[in-house]
Amino acid sequence: MVALPWGRSAGHGATGDRSDRARVTILALVVFVMLAAIASLGTGAAGVSLGDVLAKWISGEELSVRERVVLFDIRLPRLLTGMLVGASLAVSGAVMQGLFRNPLADPGIVGVGAGAGLAAVLAIVLGAFLPPAILAVAGMHLVPFAAFFGGWVTTLILYRVSTRAGRTSVATMLLAGIALGALSGALTGILVYIADDQQLRDLTFWGLGSLAGASWAKLAAAAPIMVLALLAAPMLARALNGLALGEGAAAHLGVAVQRMKNLAILTVAAATGAAVAVSGGIGFIGIVVPHLLRLVMGPDHRFLLPAAALLGAGLLLLADIISRLIIAPAELPIGIVTAVLGGPVFLWILLRRRGIVDM
Amino acid sequence: MLEARDISVTLGRKQVLHGAGLSAQPGAMTVIVGPNGSGKTTLLRAITGDLACRGTVTLNRQDMRALPPHALAERRAVLPQASVLAFPFTVHEVVRLGLTGRIALRPDAAQLPGRALERVGLEGYGARFFQELSGGEQARAQLARVLLQVWEPVQDGIPRWLFLDEPVAALDIGHQLQVMHLARRFARAGGGVVAVMHDLNLTAMFADRVVLMLDGRVLAQGAVREVLSDQNLSRAYGCRLRVSSPPAQGATYILPQAAEMA
């Protein structure tokens, strides 16, 4: 049984309908994301203050070139990238947990991120050998699409291996994830040997996970995939709710189960792949965010998915602010921040759930 | 009218149904009985589309398996034997999952989960967590969800169906009777009910039509008095059984004691 933070029924009224509470939570999260965005725009090594910029804007004064570059070419693409990546990671976590019917499924933990990363590295290193014509057409989109494809293949393998007759074995899923992660890591290691200096620098960035390389160009390549995945996710909400009762019950409720599973796997792969392509491996967002939200407003995916997108976006912005402030003027890779904050929360989830995770 | 013909199912290497079939009418309660392993649940699962099978299943002469899931969900609801819930939903939220299709558009849709819970005797349970209920309470909460899915037994003149797999297995006698009355009420209101049952006495009390199974085949089907005979039951269950009627009401009941005494 799940130990719950509040009593049997306290906290969600006498009816057990938590949709009002979910709506309030979502509104609060919108405010949270806006505040985090403003804070993120005002934070950075360059010492450009948002207040000054605002004052100038109100008085109609021209911004200096420096201010304009820092705000619009560095901080704004970084802000948008952070929001999209955070939303994508949290939503792909929530969708994957719904698909696997297990709150511990997360693209980062079960190797989907590693698979996407391997494909991205492959694209970086081997992309140089592609005919120039193809390279010119693929351009900036090569890496995000490769990552998406890698994430898709990994998710498919994972699902095939760990799900029998509609039941997912947690142990098999986690072990298969370890195997896939190790395999991806080893192959990535081999690629490091044949990479040149520039490629090596690009590769190092995958391991750590960072928003520092965010630019309009990278954003333009990955954003469409992430936005598509984020728009597709809410369409899965009813089906994922039905799936919580089991595949048979979902089908009897009118869910086209197989089609929905395919769409869910595509969504997870697209969101994770594109996020990994722009920011490398940022962990724990996908597991911590949906879990916290389920505690507050329940597991109804119609509310959980949009709320996860918001909380994921806001938390990643916060983590990014911390990563920029903590050893300023240098900055810490954001993957380290999310791991330091998310790791203990993940352990806490495991402690509380001990005994009900059926292996 | 629901008709299943020549249903054969193979699970692994073993063929568990050998050309079984049944017919059921809306407005009546059809109960499938038989000993353990006779294929009752398998037949129900083949009819509801949970299992791949050979043979045909038609609803008003329409191939049931050709209907898309959402259309099928408007026509019938299925109560599974037991289910494990993946996330901590409240009882209300579980029941609300039954609000699919046109019923979700009704102006009073928000009140319906509560009313469905009242019907199964779980009023006031909405805010409890489903996983914290006892087995019998979980079964009734699931029944409320299923009832909600086909809330009106007849919609636009088309009867809807309830498929119940051992609906009373986990229940005490009071709730067994309550659930059987609910199913009967659904049938009396024009809907169709097909249930798999273990309890022969409840079957005799509530069924309009009985399908008796043995070894993956239908041994007999028809009215209660014809099917639940000494001979049929003794053969199906492999022990001496004797059917009796209390003189006052003329209803049928089955006591193992009676057979021993004869």
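1. Among the contacts in chain A that link residues at least 6 apart in sequence, 81% join residues at least 24 apart, where two residues are in contact if their C-beta atoms, placed from the backbone, lie within 7 Å. For chain B, the share of such contacts that join residues at least 24 apart is 64%.

2. This is a predicted model, in which local features need pLDDT of at least 70 and side-chain atom pairs count only at pLDDT 80 or more, while totals for chains, interfaces and linings use all residues. Residues are numbered from 1 along each chain as its sequence is written, and chains are lettered from A, with ligands numbered from 1, in the order in which they are written.

3. Chain A holds 15 helices and 2 strands, whereas chain B holds 10 helices and 14 strands; helices (H or I, at least four residues) and strands (E, at least two) are DSSP runs, numbered from the N terminus. Of the 359 residues of chain A, 49% count as buried, and of the 262 residues of chain B, 47% do. A residue is buried if 20 or more other C-beta atoms lie within 10 Å of its own, exposed if 12 or fewer, and partly exposed in between, with C-beta atoms placed from the backbone.

4. In chain A, the axes of helix H1 (residues 19-41) and helix H14 (residues 301-325) come within 9 Å and cross at roughly 25°, the axes being lines fitted to C-alpha atoms, for helices over the stretch in contact, with angles running from 0 to 180 degrees between N-to-C directions. H1(A) and H14(A) are therefore roughly parallel to each other, since angles under 35 degrees count as roughly parallel, over 145 as roughly antiparallel, 65 to 115 as roughly perpendicular and the rest as oblique. Their crossing is left-handed, that is, the near helix is turned anticlockwise from the far one by less than a right angle, while clockwise would be right-handed.

5. The residues that meet in this pair include A:Leu29, A:Phe32 and A:Val33 in H1(A), and A:Phe303, A:Leu310 and A:Asp320 in H14(A). By class, the contact of H1(A) with H14(A) has 18 nonpolar, 4 polar and 1 charged residues; Ala, Val, Leu, Ile, Met, Phe, Trp, Tyr, Cys and Pro count as nonpolar, Asp, Glu, Lys and Arg as charged, and the others, Gly among them, as polar.

6. Between the chains, 32 residues of chain A are in contact with 30 residues of chain B. Helix H10 (237-243) and helix H11 (247-252) of chain A are the elements that give two or more residues to the side of chain A that touches chain B, and the largest share, 4 residues, comes from H11(A). That side of chain A has 13 nonpolar, 13 polar and 6 charged residues.

7. In chain B, helix H1 (residues 40-48) is mostly covered, with 8 of its 9 residues buried, among them B:Lys40, B:Thr42, B:Leu44 and B:Arg45. H1(B) is followed by B:Gly49, whose phi is positive, near 90°.

8. B:Val196, found in strand S10 (residues 192-196) of chain B, counts as buried because it has 24 C-beta neighbours inside 10 Å. Leaving aside neighbours within four places in sequence, B:Val196 is in contact with residues including B:Lys40, B:Thr41 and B:Leu44. From B:Val196 to B:Thr42 the separation is 154 residues in sequence and 9.9 Å in space, C-alpha to C-alpha.
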